[in-house]
Amino acid sequence: MYAPDGDTLYFTTVRRARVAIKRLALRDGSLTVVRPDANMANGMCAGSDGDLLVCEQGTLSQPARITRLDPSSGRVEPVVDSFLGLPLNSPNDVVARSDGTIWFTDPSYGWLQGFRPAPRLADHVYRYDPATGSIAIVTDALDKPNGLAFSPDERVLYVGDSGAVHGPDDYDPARPRRVLAFDVVNGGLAKERVFADDIPGFPDGIKVDVDGRVYVSCAEGVLIFAPDGRPLDEIPLPGAVNFTFGGPGRDVLFITADTAVWAVRLKTEGD
């Protein structure tokens with residue numbers, strides 16, 4: 001996640017015994033640790049007042065949850081950790097809408113990868129409203145919901161389905177590896193359709209630029225699609241995991257891989 005205040009990039013480390021959240025100051029290249037043990041954190045997005053909304057996948061002893069992280073102090077505040085009294089599985093990615101609601105995916109990868117208890121909920125996409133404390137399932141149409149992003153006008157939600165991979169040594173290209181699009185209607189989703197299919201490997205991170213083009217990371221790099229789903233281009237980078245728009249003009253795509261962070265200057269800017 002990119003923060004314009006300080007020209008800073010935040011990212012999570014590769015999952016091993018623990019996951020850290022780190023801060024890369026792009027002005028001088030200094031790297032610092034924001035939270036050394038972040039409860040198997042995964043996706044992040046900007047919250048309010050400079051904080052970060054973090055997907056904590058949880059462990060066998062710690063709950064899966066969405067939290068707010070103050071990157072200056074390291075203070076962590078729980079946001080949501082359950083649905084109808086049942087624990088979340090292992091939240092993967094999160095986006096904040098302009099109306100203040102928080103939307104996130106919750107696949108059961110933590111259990112399938114051996115660091116979470118057996119799930120008590122199916123794999124869903126949720127909408128949480130901090131103003132009312134209400135949480136709702138907005139779709140259960142995906143095998144393994146992964147990255148998600150809104151269109152610039154927030155009328156469409158794109159969600160990646162990485163069901164092709166379930167766990168270590170369990171990959172089946174016949175299972176879903178596609179991006180679905182939904183219309184956002186009255187706080188819910190409607191008109192489910194396939195936006196892009198047969199993504200190499202599986203879709204991971206998703207972002208949208210100011211012109212509505214959709215960017216999807218996958219095994220071969222970052223794919224770029226027109227708003228109608230037509231393939232436009234790709235940034236070849238085997239092993240691309242996630243990415244974000246950044247830089248003072250938001251015209252640089254910062255792409256994380258397991259061992260490096262790459263930067264690509266674009267002729268457009270992120271939404």
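Trainee: Which residues lie nearest the centre of the second largest pocket?

Mentor: This is a predicted model, in which local features need pLDDT of at least 70 and side-chain atom pairs count only at pLDDT 80 or more, while totals for chains, interfaces and linings use all residues. Residues are numbered from 1 along each chain as its sequence is written, and side-chain values use heavy atoms, with hydrogens and water left out. Rolling a probe the size of a water molecule over the atoms shows where empty space is left. A pocket is an open set of points on a 1 Å grid over the protein atoms alone where a 1.4 Å probe fits, with protein on both sides within 12 Å along at least five of seven lines; lining residues have an atom within 4 Å of a point. Here, Ala3, Asp5, Tyr10, Gly50 and Pro71 lie nearest the centre, among 18 lining residues.

Trainee: What volume does the second largest pocket have, and which strands supply its lining?

Mentor: Its volume is about 290 Å³, taken as the space filled by probe spheres set on the points. Strands are DSSP runs of E with at least two residues, numbered from the N terminus. Both β1 (2–3) and β2 (8–12) supply at least two residues of this lining.

Trainee: How many aromatic pairs are there?

Mentor: Rings of Phe, Tyr and Trp (its six-membered ring) pair if their centres lie within 6.5 Å; planes under 30 degrees apart count as stacked, over 60 as edge-to-face and the rest as tilted. The count comes to seven aromatic pairs. One of them, Phe104 with Tyr126, is stacked, at 5.3 Å centre to centre and 25° between the planes. Phe104 belongs to strand β12 (residues 102–106) and Tyr126 to strand β13 (residues 124–129), so this pair ties together parts 22 residues apart in sequence. Phe195 and Phe225 form an edge-to-face pair, with 5.8 Å between centres and 70° between planes.

Trainee: Are Phe104 and Tyr126 buried or exposed?

Mentor: Buried means under 20% relative accessible area, exposed over 50%, and partly exposed in between (1.4 Å probe, protein chains only). Phe104 and Tyr126 are both buried.

Trainee: How many disulfides are there?

Mentor: A disulfide is a pair of cysteine sulfur atoms within 2.5 Å. The count is zero. For Cys45, the closest cysteine sulfur, in Cys55, is 7.7 Å away, too far for a bond. Cys45 counts as buried, at 10% relative accessibility.

Key:
Helix = DSSP H or I, 4+ residues; strand = E, 2+ residues; numbered from the N terminus.
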